[in-house]
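Subject: Structure handover

Hello,

Here is the structure I said I would pass on. My notes on what was found in it follow below.

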Amino acid sequence: MTLHAGYDMPLLGLGVYMNEDCYTACKVALQHGYRAIDTAEYYGNEEGVGRAVRESGVNREEVFVITKVYSGNHGYQQTSAEVDKSLQKLGLSYIDLYLIHDPMSGKQKRLEAYKALLDAKEAGKVRSVGVSNYDVKHLKEIWEAGYEMPSVNQLEVQPFCQQKDIVAYNNAHGVVTQAYCPLIRARFDNPVLQEIAKETNKDVAKILIRWSIQRNFAPIPKSSKPERIISNANVYDFELSPKDMAKIDALDQGTAGAISWNPIDAD
């Protein structure tokens, strides 16, 4: 999918949160068709991601690297310094997409952080700028400040927590919704998901990723197991029917269905 900065972002990526063998997971992913990897300074594994990208044999221009700056490092100077640290840790000359990890630093600091990322983009250190865990009110702050809108808003989006108001605002303003926790942390026992998996002869993980793709989200499933990493990418040989999509859509519980921190209510 093409971001409004003009760069193409792969539809499917690998998430590496809490991945203790990040290097191996990223190497496997890149060897089996993944072309996007999502890390963060908070995860502590930017070095492993960068090493895997450099040693993968895949052209750097073909790999879309995403990282993030946590709220504890928001503010213009702090965020500018974090961009340089990420570049050093990754061992790359540029970062494809740099996100504000969360909105929990308060309006002034998150706007300063966003301006720092825009300036890093102008300097060629970052190609696209985005946010994560931003509610509509946080996105409106950016609009009202006169800054360009984020290329991406990375959210917890899965059948039980569909973030419909935020997704609608993203869509109306050309912001891509990237979905973390698309596999609901392997809580696969829901009868609707089990029924659809049985009918399609696909595992529940594939059903969840396929639902996300057909909803025009960009899912970033995470796994440290090579066989799961490979399996999760094999989702292009089937489609969910409108009936099955509607059944999954009906599972939404709003924010009550969130399984992660989902800090969209930050002031």
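For the charge count, Lys and Arg are taken as positive and Asp and Glu as negative, while His and the chain ends are left out. On that basis the chain has 30 positive and 35 negative charges, and their mean positions are 2 Å apart. Please keep in mind that this is a predicted model.

Overall build

The chain holds 10 helices and 8 strands. Its radius of gyration is 18 Å, close to the 18 Å given by the globule rule for 267 residues, so the chain is as compact as a globular protein of that length. Along the principal axes, the C-alpha atoms fill a box of roughly 55 × 40 × 30 Å. Buried residues make up 57% of the 267 in the chain. If we take the contacts between residues at least 6 apart in sequence, 74% of them join residues at least 24 apart. The accessible surface is about 11300 Å², and carbon and sulfur atoms account for 47% of that surface.

Salt bridges

Side chains of opposite charge can pair when their charged atoms come close. With a cut-off of 4 Å between a side-chain nitrogen of Lys or Arg and a carboxyl oxygen of Asp or Glu, the count here is 16 salt bridges. Three of them are described below.

In the pair Asp237 and Lys202, the closest N and O atoms are 3.0 Å apart. Asp237 is exposed, at 57% relative accessible area.

Arg228 and Asp203 form another salt bridge, with an N to O distance of 3.7 Å. Arg228 belongs to helix α9 and Asp203 to the loop between α7 and α8, which makes this a link between distant parts of the chain, 25 residues apart. Both are partly exposed: Arg228 has a relative accessible area of 27%, and Asp203 has 28%.

Arg215 pairs with Asp249, and their closest N and O atoms are 3.2 Å apart. Since Arg215 lies in the loop between α8 and β8 (218-219) and Asp249 in helix α10, the pair ties together parts 34 residues apart in sequence. Arg215 is partly exposed at 24%, as is Asp249 at 26%.

Lastly, salt bridges with shared partners join Asp203, Lys206 and Arg228 into one network.

Regards

How values were computed
Residues numbered from 1 in each chain as written. Predicted model: local features only at pLDDT ≥ 70, side-chain atom pairs only at ≥ 80, totals over all residues. Heavy atoms only, no water. Helix = DSSP H or I, 4+ residues; strand = E, 2+ residues; numbered from the N terminus. Rg over C-alpha atoms; globule rule 2.2 N^0.38 Å. Buried < 20%, exposed > 50% of the residue type's maximum accessible area, 1.4 Å probe, protein only. Contact = heavy atoms within 4.5 Å. Areas by Shrake-Rupley, 256 points an atom, 1.4 Å probe, with all protein chains shown as cover. Charge placed at Lys NZ, Arg CZ, Asp CG, Glu CD.
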